[in-house]
Amino acid sequence: MEAVKLVKEDALKNNEKILTQTKDILDIRLNEVEAISKQLSMSPKVNSLMNMKQFREGTPDYYKVWDLLNTMPKYNLTNQFINDIYLVYKNTKLVVSLNTPYASSTSFYRQIFSGSFESYGQFWSMLWEKSYQREYVVMKDNGIYSFQTIPIDAVNNLRGVIMVSISGQSIMDMLSKVDIGNQGIVFIYDNKGQIIAEIRGKDVKVTTNDIMAGRTHNGTFKSKSGRSFFIYKAISGSNDWTYVSVVPEEIVLSKVAYIKQVTGFVTLVTLLIGAVAAGYFSYRNSTPIKRLMNKVAVLLRGSTEHPFNENDDLESSITKLIQSNESLREKMSDQLPLIKMSLFRRLLNGEFADENEINALLSHVNVHLENKKLAVILLKLQRKINYLDRHELQNLDFVKLIAQDILEQSAKTECYAYEVDQTNTAFILSFDEKLSKNDCRRMIGDLARVLCDKLYRDYHTKAVVSCGDIYKGIRNIATSFDEAKQAMEYAIINEPGGLIRYDEIPKDTEKWFFPFELEMRLISLIKSGEKEGVYAVIDDIYKENMERRNLSPAMLKQLLLLMKCSAVRAFGQSAEEQTVGNYPDLADEHANVEDLFTGMKEMYLQICDKVSSYKERSNQHFCKRLMDYVTQHYMDENLTIHTVSEHFNSTKSYIYQFFKDHMGMTFTDYLEQLRIQQACRLMQETDLTIKDIAQQTGYNSDHSFRRAFKRVMGLVPTEYAKATREVQM
């Protein structure tokens, strides 16, 4: 039955959705960890301790350590994903955590890592064997750690490392939502094959090695005992972690059986209600039908003590069916806000390279921002909050919801909210493209004034609203968001109230402009080979730092050094390191800063060319492997786009689009043409029957072979064979 098939697919997709959402949430959390690591690696106080000679009480360096300890934010109090952070210094063997310093790395090792390594020497060698850039290490009996070398651009002269202890329990809590039963397994592994996290059923017999080795067929796996499992994989695009769920077939089929029963019951009840309604309207005054309706009342209500009313009972039953259907619709749409928030996060941080991709994804969640003038405003609630007090946090959440409601009701245009953190909420405002920029500014000013007044008057909460500039084009939302954050930073320092616009704040002329979000956007564009996007971002960086700010040559060179490090992170340090090294020569004291900037732009564009060239070579190599595989297996009647995607550890949509882009046809059309081409060869070179040729070219029946042959060649196989023999004679 088709309906049962659909229910079975829905049951499988439920686990797929949970696994994909887990991946998206973990990507967000890991990006936060990387941002914290980078912030610490660039902190002057953290870097100053690299030059310390000895950690001893009474020395100036001793007080530097305690100053760092007292001023370093307690990230583990505001981010439940972080257990602790350790700053390890190579020269002094000093270790500083969020709460205490360790004067000796040996005592630090004994207290924290003695169960994870065979010896202290092995632990210490591991810290300095290479430069760590956004790498994760799973330590035996000690959880997951994010490693970042300091200085951030160090390759050989390693002087320190930042170790962020990540909460393994938080990851396990998210994985536990996947329904695997007593014989399933759900786990995460990285691109090196090390297991990040794993949850196993009590009676599970399968091994993670079997799953990682790819011993699956058509998305299923059969254990040695003969039990079947459904396999689903999701791969993170930011860190290459693979999320895998292995679900016993019995769990899915039991849900299908339950839904079959419910469907049968609902169908029976519906038919019964229909029969009752027909009887009521046809034989209203018939005594036998009255008795029948009384029995139906007993069935539906369980009693005849109350007066019987056929209309009321029918209406009540139909109402219950409608309510049940509405409840099901609500559950299906529960996940929509999570998807929408994930898309807004990527949009605000500039993680999209293709505008068509942005519009397609936003349209899926019913958000339409194309052909609009767009601006981002940032709302900050000025309340002193004890983040350990659950009651205060609940009150804060309530006020944020009120603020969102006020803004959405007062806005005379479309408004979309995204919660940045506990006290900051971003709003994307879209205006009709026919409105002038001044009209948009006036609407934003009125909106901010209404919001701040209502919050203070009705809820005794002060609020600050910052606003980025107004742009046309959806990719400029990230720029407006960056500007709104800069305006908010100015507001926090100078404590003005009401609305703070980016173009009205005095620009910092003593520090370069290259925020983390802009760097991530630049790296993403480089990896995509988007030369136009890279050129536009570098042009913005140039205008902001060279034209709008009065920076010293030394500060500009620091900026260029950071941009060079970003290129290294985007392109890698191995095969093409020479490309990054050629431009520009930042050590030349007499070099003109503008020439260096031009050289930096040329370097980035050259990297984009090499990325595009590499992707082209990679596509050609993959195309050859793909064609070879299809040519070797076209005889298999079970060969489908699904089996091909399984073999190459890819997705069906990617294989489908790859064939469309590189072969000019779909996978199904290509396979059919290849099989018919081979069938023609067999007709010319052998005396095989049509049935035998059909079997040898991957068709499960000569009937389907004849239809395919007629589609491709325009005539039936017997006519082609006859014409071939006449030519040969």
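Start at L40. Beyond its neighbours within four places in sequence, L40 is in contact (heavy atoms within 4.5 Å) with V46, M72, Y75, I85, L87 and I162. The model here is predicted: local features need pLDDT of at least 70, side-chain atom pairs count only at pLDDT 80 or more, and totals for chains, interfaces and linings use all residues. Residues are numbered from 1 along each chain as its sequence is written, and side-chain values use heavy atoms, leaving out hydrogens and water.

L40 belongs to the largest nonpolar core, which has 43 residues. Such a core is a set of buried Ala, Val, Leu, Ile, Met, Phe, Trp, Tyr and Cys residues joined through side-chain atoms within 4.5 Å. Buried means under 20% relative accessible area, with a 1.4 Å probe and protein chains only. L40, I85, L87, Y89 and I171 touch the most other members. Elements giving two or more residues include α1 (2-41), β1 (82-89) and β6 (160-166). Helices (H or I, at least four residues) and strands (E, at least two) are DSSP runs, numbered from the N terminus. The largest share, seven residues, comes from α1.

Now the sheet. Six strands form an open sheet in the order β3-β2-β1-β6-β5-β4, with antiparallel pairing. Two strands pair if DSSP finds at least two bridges between them. The edge strands, β3 (101-102) and β4, each pair on one side only. V138 stands opposite I144 in β5. Four of the five residues of β4 (residues 135-139) are buried, so this strand is largely enclosed by the rest of the structure.

Methods: Buried means under 20% relative accessible area, exposed over 50%, partly exposed in between (1.4 Å probe, protein chains only).
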